[in-house]
Amino acid sequence: MSNVNEQWAQILEKLKREIPSESYNTWVHTLVPSSLENSKLTLLSPFNFTQLMLQKYNDVIAKTISETVGEIVNFEILYDKDIEEQYKKEQRKKEKQADITNKYDGLKQMQSDCNLNTKYQFDNFIVGEYNKLAYGAAYNVAQGNTKFNPLYIYGGSGLGKTHLMQAIGNYVMLKSKKKVKYITLNDFVNDLIENLFKEEKDSFKKNSNKKDSYKDGVDTNKRMTKFRQKYQNVDVLLIDDIQFIEGKDRTKKEFFNVFEALYQAGKQIVITSDRLPEEIEGIEDRLKTRFEWGLMADIGIPDIETRMKILQQLSEKDNIKLKLDVIELLATVYKNNIRELEGAFNKVCAYCACYGEKPTMEIVKRAIGYNEKSKAINGKIILEETAKFFGLKREDICGKSRSAPIAYARKAAIYVIKELTGESLQSIGNLLGGRKHSTISILYDDIKEDIQYDKKLSDEINTIFNIINQI
Ligand code: ADP
Ligand code: MG
């Protein structure tokens, strides 16, 4: 059965290029393969006149089928009541969705002006032990509680920081009509640069033409005042991924001014970061102290129950039934990052839709490229093996020594763990005796570069890969 579905998917790909899109979408795309027996492919249609409608494409369809299957194959199209029911159900779902979308278009426009995405809500945020504090604080802030100002949410990548922050914005917009602005630190920097770039051009002109420079200077001041007002005239400012402020002095200064103005005016500030303020390199004390005035809420690693609940929610939303053992498998494989968990779920959906399969255990494993081995390999084993390879002990790599051979092995271990397990840099740091995210990040970037020109190192890494793969 899977064979005929796979072949049909390939046939569809080809027919899409052969048949005009209107006919293709209505008559061909809605066909469902039923059997391929005795050189005959039987296709089921939700409409009882498809055969007629496709008559003029009979030759091209037959040719494409035969080419793909690799022998002469005829085909027949039969009307099927179940397929019709299924088709109607899907249509109704689509119409309902379109209806909801239209209704919220007005609000959506407002939200998009504030850079908010309506898909991030408190309602669809699953709460577990690991994110309870962050959720509680965010919800309080959204309701107007001014106790947690600023609210600083920190945790690894893909763990729901942006979701929570945007949920605050969406909630405030809907309930209070207060002015909200969401911006990533990188967009804030870009906005600033756009203005500063002109400023530099102005100062260059200043030397060559005094009269013009006066006018340009005024323009620049106006522009910068407008820039500041944009961020200072809001009731709730949401700044995402503040860690990227590292090494950007002018941004630090501008951000500090915005922060001060908002804070003095009693406006709410919410900040997210992948680490604590003191772990952001070069951040000034005055900014660090201010971040600590409010509440610091961390998001840890999600427990299995939460991961399973998130999958359940996704499957309900997409109307895909996943059995408990399948949910458990996905939640076990994707531990440290909800974004990756969602990615795996989407892969499963795409695979099933493409091949017309149900998400059984076997299909899901195939869709995510799961093998038993990948489950067994974890950071600890890799550390063990890498240390052994370099004639060291795991404790050496995790310890404090900076001697050249140990530092070399440490970098190699970080690289291999990252590549083979996809663990977050912070969890690799935890594994390596509680090192900071920023430390691991520097080492990882270093070795990625070294590998490109250091043949000995890349050979050694390959050997370690092979050792691990044979475990
Ligand atoms: P971060 O900003 O921490 O990198 P995101 O907020 O972008 O992570 O989350 C990644 C994805 O995982 C998003 O699609 C988000 O909706 C989803 N997600 C994360 N945590 C949860 C949760 N607790 N409940 C439901 N979805 C979640
Ligand atoms: Mg984010």
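How many residue pairs are in polar contact between domain 1 and domain 3? The count is one residue pair, with both residues at pLDDT 80 or more; a polar contact is a pair of N or O atoms within 3.5 Å, where, within protein, one must be able to donate a hydrogen and the other to accept it, and residues adjacent in sequence count only if both atoms are side-chain atoms.

## Basis of the model

This is a predicted model, in which local features need pLDDT of at least 70, side-chain atom pairs count only at pLDDT 80 or more, and totals for chains, interfaces and linings use all residues. Residues are numbered from 1 along each chain as its sequence is written, and side-chain values use heavy atoms, leaving out hydrogens and water.

## Domains

The domain assignment (automatic or from a database) divides the protein chain into domain 1 (2–79), domain 2 (132–206 + 220–299), domain 3 (304–370) and domain 4 (376–469).

## Domain 1 and domain 3

The centres of domain 1 and domain 3, taken over C-alpha atoms, lie 30 Å apart. Four residues of domain 1 and five residues of domain 3 take part in the contact (heavy atoms within 4.5 Å). The buried area between these domains is about 360 Å², with 50% from carbon and sulfur atoms; this is the accessible area (1.4 Å probe) lost on putting the two parts together, summed over both.

One salt bridge is counted between domain 1 and domain 3, a side-chain nitrogen of Lys or Arg within 4 Å of a carboxyl oxygen of Asp or Glu. Glu-6 forms a salt bridge with Arg-366, their closest N and O atoms being 3.7 Å apart.

Definitions and conventions. Chains lettered and ligands numbered in written order.
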